[in-house]
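Hi everyone, thanks for making the time. Let me put the structure up, and then I'll walk you through a few spots in it.

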Amino acid sequence: MNTPINRFKQALREGRPQIGLWVHLANAYSTEICAGAGFDWLLLDSEHAPNDLRSILAQLQAVAAYPDTHPVVRVPCGHGHMGTTLIKQYLDLGAQTILVPMVDTPEQAKAVVEATRYPPLGIRGMGGARASRWGRIAQYPKQANDEICVLVQIESQEALNHIEAIAAVDGIDGLFIGPADLSASLGHVGELNHPAVRAAIDDAFARIIKTGKAAGFLTADEELSRRSIDQGVTFMAVGLDVNLLARHTSALASRFKSA
């Protein structure tokens, strides 16, 4: 038995667009419904959703039944001792792709990569648990590094200033533009479509793509999603489960209440 090949990482390297969905409901049952929808990837969120290690484990187990859909886990943080510990734990659960928020400098990016790699390339604690099928994948410690995919979020003016340096860090596979926090950092809180914010995002896409690394983005605006893909965004999240549920339940109630 060998370590599973990270097909999502392969797709990013080959420049094949990957269409995803943000999953916030923190529930394996609803995550499995989303996993069967046909998306290339699902973002399981531990930063802004009420997830913990056990709920992420349950969702990883649910998604595993749908091999054409790849789970990406967003960790709560990636900096310092706490970030290193959390990254280790999520990788041991079997996550092969992680998204790390608030990465502003190449030094932070390097530390994130080191947290995902076994020695001598990094500082990940030797273990593996579910990721190694509890030791049944004998070569896991020697194969794991190659299959881990590291995505970092660009969410501040400082991060924008360091895009090329962050992208140049060996082991960084993709840079994701976080529009909400970026808008706040640029002085336009909540104004995701402010001209200055849009200009900064478009410029960031172009700069990321020029480095040869994958660019990522999230928006529930279908027109903007398609435009972003046309601009070269490789891993594109086109919606959020909570938004879909809120919008459609409100619309259904409104149709009957108004009648």
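Let's begin with strand S5, which is covered on both faces: Cys149, Leu151 and Gln153 are buried on one side, and Val150, Val152 and Ile154 are buried on the other. By buried I mean under 20% relative accessible area, with exposed being over 50% and partly exposed in between, using a 1.4 Å probe and protein chains only. Strands here are DSSP runs of E with at least two residues, helices are runs of H or I with at least four, and both are numbered from the N terminus.

Before I go on, some housekeeping: this is a predicted model, where local features need pLDDT of at least 70 and side-chain atom pairs count only at pLDDT 80 or more, while totals for chains, interfaces and linings use all residues. Residues are numbered from 1 along each chain as its sequence is written, and side-chain values use heavy atoms, leaving out hydrogens and water.

Back to S5. Why do both sides matter when we look at a strand? Because in a regular strand the side chains alternate between the two faces of the sheet. In S5, residues 149-154, six of the six residues are buried, so the strand is largely enclosed by the rest of the structure.

Which strands pair with S5? Strand S4, residues 97-100, runs parallel to S5 with four bridges, and S6, residues 172-177, is also parallel to S5, joined by five bridges. Pairing here takes at least two DSSP bridges between two strands.

Cys149 is buried at 0% relative accessible area, whereas Cys77 is partly exposed at 25%.

Last stop, two helices. H4, residues 80-92, packs on H5, residues 106-116, at about 40°, with the axes 9 Å apart. That makes H4 oblique to H5. Axes are lines fitted to C-alpha atoms, for helices over the stretch in contact, and angles between N-to-C directions run from 0 to 180 degrees. Under 35 degrees is roughly parallel, over 145 roughly antiparallel, 65 to 115 roughly perpendicular, and the rest oblique. Thanks, all!
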